[in-house]
Amino acid sequence: MSDSDLSVYEQIGPEAFERLIDGFYRRVATDPVLRPMYPDDELDAAARRLRLFLIQLFGGPATYSDERGHPRLRARHLPFRIDQAARDVWMQHMQAALDEAEIADPARGAMLAYFERAATGMINTYNPD
Ligand code: HEM
């Protein structure tokens, strides 16, 4: 059996998700575009929701849906104005956090491909240019 036959969660384990999300939210905390979008005093709670969501998505325990129900991610992002620039900043931080967490391929590649696609799907403004 090769690594890629295992779920990402089985390949990297829960600690890697913790490292990833810690690194990502440390960057969000000082980012002039993203920080104002997140509710005041809620960064720790937001970090936990993203961590549990990703663990569930990549084959780990379904604690996210036990607590939050169906993810409905696009609907849950509609209150925030997500344009291409905000999406790109989000992606830059996630990519840097993946590097810092030292998540190796094939898990890294699978996660990056998901993030690229899903982050684009979260764009909810129309820019005709
Ligand atoms: C791969 C792309 C993304 C994923 C998987 C993702 C995932 C999530 C999840 C799971 C939540 C919590 C939902 C809940 O249970 O309430 C959330 C909240 C949020 N996301 Fe995203 N998101 C993505 C992209 C983005 C982008 C591109 C932005 C902005 C540029 C963004 C901004 C926010 C904000 C402001 C919140 C509210 C914080 C909170 O209360 O949790 N997200 N996201």
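Mentor: Let us start with A86, which is found in helix α5; helices here are DSSP runs of H or I with at least four residues, strands are runs of E with at least two, and both are numbered from the N terminus. This is a predicted model, in which local features need pLDDT of at least 70, side-chain atom pairs count only at pLDDT 80 or more, and totals for chains, interfaces and linings use all residues. Residues are numbered from 1 along each chain as its sequence is written.

Trainee: Is A86 buried or exposed?

Mentor: A86 is buried, because 20 other C-beta atoms lie within 10 Å. The class is buried at 20 or more other C-beta atoms within 10 Å of the residue's own, exposed at 12 or fewer, and partly exposed in between, with C-beta atoms placed from the backbone.

Trainee: Which residues is A86 in contact with, leaving aside neighbours within four places in sequence?

Mentor: A86 is in contact with V33 and L34 on that basis; contact requires C-beta atoms, placed from the backbone, within 7 Å of each other. As for L112, it is 26 residues from A86 in sequence and 17 Å away in space, C-alpha to C-alpha.

Trainee: Turning to the ligand, which residues come nearest?

Mentor: A46, F53, A86, W90 and A118 come nearest, out of 22 residues around the ligand. A residue counts as near if its C-beta atom, placed from the backbone, lies within 6 Å of the molecule or strand in question.

Trainee: Which helices supply at least two residues of that shell?

Mentor: They are α2 (43-57), α4 (73-77), α5 (84-100) and α6 (107-121). The most comes from α2, with four residues.

Trainee: And how do the residues of the shell divide by type?

Mentor: There are 16 nonpolar, one polar and five charged residues in the shell. Here Ala, Val, Leu, Ile, Met, Phe, Trp, Tyr, Cys and Pro count as nonpolar, Asp, Glu, Lys and Arg as charged, and the others, Gly among them, as polar.

Trainee: Now the core. How many residues are in the largest nonpolar core?

Mentor: That core has 23 residues, and L20, F24, L98 and I103 have the most contacts inside it. At least two of its residues come from each of α1 (8-28), α2, α5 and α6, and α1 gives the largest share, nine residues. By definition, a nonpolar core is a set of buried Ala, Val, Leu, Ile, Met, Phe, Trp, Tyr and Cys residues joined through C-beta atoms within 7 Å. In soluble globular proteins, nonpolar side chains tend to be buried together.

Trainee: What does L98 touch, not counting residues up to four places away in sequence?

Mentor: L98 touches L20, I103, R108, M111 and L112.

Trainee: Where does α1 bend?

Mentor: The bend is at P14, by about 70 degrees, taken as the angle between axes fitted to the seven residues ending there and the seven starting there. Between its end C-alpha atoms α1 spans only 24 Å, whereas a straight helix of 21 residues would span 30 Å at 1.5 Å a residue; the expected span is 1.5 Å times one less than the number of residues.

Trainee: What covers the buried residues of α1?

Mentor: The cover includes α2, α5 and α6. Among the buried residues of α1 are Q11, F17, L20 and F24.

Trainee: What is G60 in contact with, beyond four places in sequence?

Mentor: G60 is in contact with Y9, P14 and I55. The place of G60 is in the loop between α2 and α3, and G60 counts as partly exposed because it has 19 C-beta neighbours inside 10 Å.

Trainee: And Y64, where is that found?

Mentor: Y64 is found in helix α3 (residues 63-68). It is buried, with 21 other C-beta atoms within 10 Å, and touches L52, F53 and Q56, residues up to four places away in sequence not being counted.

Trainee: Finally, the backbone. Which peptide bond is cis?

Mentor: The bond from D105 to P106 is cis, with omega near 5 degrees. P106 is found in the loop between α5 and α6, and E102 has its place in the loop between α5 and α6. E102 has a positive phi of about 50 degrees although it is not a glycine, and E102 is exposed, with 11 other C-beta atoms within 10 Å.

Conventions:
Two residues are in contact if their C-beta atoms, placed from the backbone, lie within 7 Å.
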